[in-house]
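Trainee: I would like to learn how to read side-chain features in a model. Please go through them one at a time.

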Amino acid sequence: PVLCTRPNRQTTRNPQRASQSTSSSPPFDQPATMSKEDPTVVEKPAKDLEKELSVDDDDEEAGCCMRYFCEGQKLDRKTQEKLEEGNVSFRYKYRKQLAMAIPFTIVQVVWWTCMIKYTSFHKFVNYSGKKQYYLDKDLLGEANTKPWYMSVTMVFGSMVAGMTSEGGASVAFPVMTLIFDIKPFVAKQFSFLIQSVGMTAAAFVILFMKVQVEWKSIVYCTIGGVAGLIYGLEEVAPELTPPYSKMYFVVIWASFALSLYYLNRLHGRKVYIVVDPPHLPQVWRSADLVSNRYLAYLLNWKALVLLGAGFLGGIFTSISGSGIDICSFSVLTLLFRISEKTATPTSVVLMAVNTVVASGYTKWFTREGFSPLAWEFFAVCAPIVVVGAPLGSVLGSYVHRLVLAAFIYITDSVQLAGALYVVRPWTTEKCHHRPGGPDCRPLHLCWSSAAIFVSGLIAFYLLQKFGEMLILKNNAIEKEAEKLEAEKHEWAADGSTDVTPAIEAADETDEDGKEAAD
């Protein structure tokens, strides 16, 4: 709060906003254009200036902190209107505190009850004589890993999960497999368990605070994600050996980070808040493949793209415990040009739903179920992530979208560098030699990883290009809507008290309708 405090003086950029508050809430459903002179400035349509409450990025006293770390929350329209009116209830006034306290209280009560009942506090220190069991079962490899190591890891991992579009598995999976040498399937199962608590708590905070999310992405990607998750758990994940799982995980998201970095260098690009703006429903309806109103819910090419992204993300999630969140994020930001301020909380909610489904399916519908080691790590990390993930969500809702993107660049770069250093795919050093031969072939692992990386770059590049075409189409729709709005004002200026019947009549094709419009 101290860092985000700025002098109480009015902005001079636009005199029309001199009487407005300086609270920094971006527009809700109108497109925003990044300024060419200053890439951190969001220029809005003139008709939204009176409703827009923003921080003046040209204010020298605001500085870097105000510009990037105190941008403000992007709330849904109804909540923002209530806050602007000033007459809010206790729930809205203390929404951040309540949002964090509710899941914290529930998880802590359950966790302390179980730990006291089963006297399980020793799990933080050692395995109580069970270490040899895990080594015999070839679950830990050569590492001598104690559960509390992961407790420390998830302090950072849970913050990343709540703040960025990459779930807790983006930290847990590479740390467990690359540093602690834990088997990928154990790391994946632990990711399912811990994200079902941490990401769910973070999602509760987002929804309770009424932070802006993209609901169409949540619905369609979840449907596709559940199908992809089941297919991946049954058919794909069992066929991948540990070195392949490790390398494929990092190269896919490294290609996305590089594509996002390139996209954010294009200053002046237009970004939207949601895929289907309430004030301009033609943007979504223009993608309908059929005229039937009910069939159009599914037979819409945008909906089909989100379904496909969910299915592919579900397969990635079945391999490493994370993937559907970043698939949704990439489609929203690269293709539909949705702001990271909306895409990030959307991916958190989406990942929370799908990890709960993944945990349930692994527990009750797979033959092996959860490994004991995954439960051991989960027991010592659950009380930590229920604090870190919601806190990350609150902090992430305030920072600039470019700061969120920077977190993705850093985490994905570190993961790729760590994988190359630890796995050494060009050698058989990390391959497990078994009677049938090693579980990886260096040449095949190298060229397949490189092929996935290049394929990812091409796929994300194509998403960017299609996004540019989509922006041109949306611009044409917006101009047509503005033209119609201008015609309505002309009707009103001519003295008509109710212009709606006339405009509706003008849309009729028969002569009677045209005469009524005249």
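Predicted model: local features only at pLDDT ≥ 70, side-chain atom pairs only at ≥ 80, totals over all residues.

Trainee: How many salt bridges does the structure hold?

Mentor: Side chains of opposite charge can pair when their charged atoms come close. The rule here asks for a side-chain nitrogen of Lys or Arg within 4 Å of a carboxyl oxygen of Asp or Glu. The structure holds three salt bridges. One of them joins Glu-376 and Lys-123, at 3.4 Å from N to O. Glu-376 lies in helix 15 (residues 372-396) and Lys-123 in the loop between helix 4 (95-117) and helix 5 (131-136), so this pair ties together parts 253 residues apart in sequence. Helices (H or I, at least four residues) and strands (E, at least two) are DSSP runs, numbered from the N terminus.

Trainee: Which residue forms a salt bridge with Asp-276?

Mentor: Lys-216 does, and the closest N and O atoms are 3.0 Å apart. Asp-276 sits in the loop between strand 3 (270-271) and helix 11, and Lys-216 in helix 9, 60 residues apart. Asp-276 is partly exposed at 21% relative accessible area, and Lys-216 is partly exposed at 23%. Another salt bridge is Glu-468 with Lys-465, at 3.7 Å between the closest N and O atoms. Glu-468 and Lys-465 both lie in helix 17, three residues apart, or about one turn of the helix.

Trainee: What describes a pair of aromatic rings?

Mentor: The distance of the centres and the angle of the planes describe such a pair. Rings of Phe, Tyr and Trp (its six-membered ring) pair if their centres lie within 6.5 Å; planes under 30 degrees apart are stacked, over 60 edge-to-face, and the rest tilted. The count by this rule is 20 aromatic pairs. Tyr-220 and Trp-284 are stacked, at 6.3 Å centre to centre with 20° between the planes. Tyr-220 belongs to helix 9 (residues 215-236) and Trp-284 to helix 11 (residues 282-285), 64 residues apart. Tyr-220 is buried at 11% relative accessible area, as is Trp-284 at 8%. The planes of Trp-301 and Phe-336 stand at 35° with ring centres 6.3 Å apart, so that pair is tilted.

Trainee: Which residues touch the most other members of the largest nonpolar core?

Mentor: A nonpolar core is a set of buried Ala, Val, Leu, Ile, Met, Phe, Trp, Tyr and Cys residues joined through side-chain atoms within 4.5 Å. The largest one has 101 residues, and those touching the most other members include Met-150, Phe-190 and Phe-336. Helix 8 (residues 184-208) gives the most to this core, with 14 residues. Leaving aside neighbours within four places in sequence, Phe-190 is in contact (heavy atoms within 4.5 Å) with residues including Met-150, Ala-374 and Cys-381.

Trainee: Is Tyr-409 buried or exposed?

Mentor: Tyr-409 is buried, at 18% relative accessible area, and lies in helix 16 (residues 401-423).

Note on methods: Residues numbered from 1 in each chain as written. Heavy atoms only, no water. Buried < 20%, exposed > 50% of the residue type's maximum accessible area, 1.4 Å probe, protein only.
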